[in-house]
Each structure stands twice: as C-alpha cells, then as structure tokens.
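Q: I'd like to learn how to read a structure like this one. Could you walk me through it, one feature at a time?

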Amino acid sequence: MNIGAHILRYGLVVVVAWIGALKFTGSEAMRIQLYIGHSPVMGWLDGVLNMRALSGALGTVEIAAALLVAPRPWLPRLSALGSALTTLVFLGTLSFLFSTPGVGDAAAGGFPALSSVGQFLIKDLVLLGASVWTLGESLAAARRGS
C-alpha cells in the first residue's frame, strides 16, 4: 500500500475519532442541535434522547467506526465494517446540506454560495470518498485473504 493510501485510511481514523470524541462536550452537543433538529432523517432522534445523550451516542458510534477502520492490515473484514459505518455517518451528515437552514450565504446570493454552516458540511464529501475507498480496499483485501 502506498503512502497516500496510509494517509487516507489513518487520516480518516483520526478525523472520525476526533469528531466522535468532541461529541462528548457540551458545546458540540449544542452545535449539532441545529443539524439534527431540522433533519427529516435524524430529527426523530431529538424526541428520543436529550441532545447531550444523543450527541454522546453519535460520538460512540463514530469512535467505534474509527477504531474498526484502523486494523485493516490484520482484520480487513472488520475494517470494512468500520468503513461502512463511516460511509453511513457521512451520508447522514451530507444530508444536512439539504435540511439545515442557513447553508447558503444570503449575502452572496444564496445557494450555491456557502455560508460557514455550508462550508462546515461540504468537507464531509471528501470524508465520504475516503470512507468509500477504504471500504472497497478492505473488501478487496478480505477477498484476497490479506
């Protein structure tokens, strides 16, 4: 595996674990309320758990997913499971581009000009790509038995 592939895989691990760990802070729990509260996909979770508990639950999933992506050299099937989870996480967060108010920058004419909220979300497109790549690479390694 080349250096770029290592950076992509383990960069994904670090970023997803870090984002997951931040979910255990009060400030991040408040921040995600904007996204969750307006989401047709995840909005129902707001009524199931309070925002702090929901944030912690999401953080737990993200940390677990990151930890599962990491052991690719030894456990490619487990790594594929982690990559599938991160793929789902980033599909979910990218859906916020379409449901969160204020994604477009009104001062610049609205969407497709992005506000800071939109800029925060759009980076998940690259993380989704990394997740899909690591999923495919892990599945290929599992098929090869390596």
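A: Gladly! A salt bridge is a side-chain nitrogen of Lys or Arg within 4 Å of a carboxyl oxygen of Asp or Glu. Here Lys123 forms a salt bridge with Asp124, with 2.6 Å between the closest N and O atoms. Keep in mind that this is a predicted model, where local features need pLDDT of at least 70, side-chain atom pairs count only at pLDDT 80 or more, and totals for chains, interfaces and linings use all residues. Residues are numbered from 1 along each chain as its sequence is written, and side-chain values use heavy atoms, leaving out hydrogens and water.

Q: Is Lys123 buried, partly exposed or exposed, and which class does Asp124 fall in?

A: Buried means under 20% relative accessible area, exposed over 50%, and partly exposed in between (1.4 Å probe, protein chains only). Lys123 is partly exposed because its relative accessible area is 33%, whereas Asp124 has 4% and so counts as buried. Of the 146 residues of the protein chain, 40% are buried.

Q: How many helices and strands does the protein chain have?

A: Helices (H or I, at least four residues) and strands (E, at least two) are DSSP runs, numbered from the N terminus. This protein chain has 7 helices and 0 strands. Its C-alpha trace spans about 50 × 35 × 25 Å along the principal axes.

Q: How many salt bridges are there in the structure, and which residue pairs with Arg9?

A: The structure holds 6 salt bridges. Arg9 pairs with Glu137, the closest N and O atoms being 2.6 Å apart.

Q: What does Arg72 form with Glu137?

A: Arg72 forms a salt bridge with Glu137, with 2.9 Å between the closest N and O atoms. Arg72 lies in the loop between helix 4 and helix 5 and Glu137 in helix 7, so this pair ties together parts 65 residues apart in sequence. Arg72 is buried, as is Glu137.

Q: Which residues are linked in a network of salt bridges?

A: Lys23, Glu28, Arg31 and Glu62 are linked in such a network.

Q: And where is Leu75 found?

A: Leu75 sits in the loop between helix 4 (51-69) and helix 5 (76-99). With 43% relative accessibility, Leu75 counts as partly exposed.
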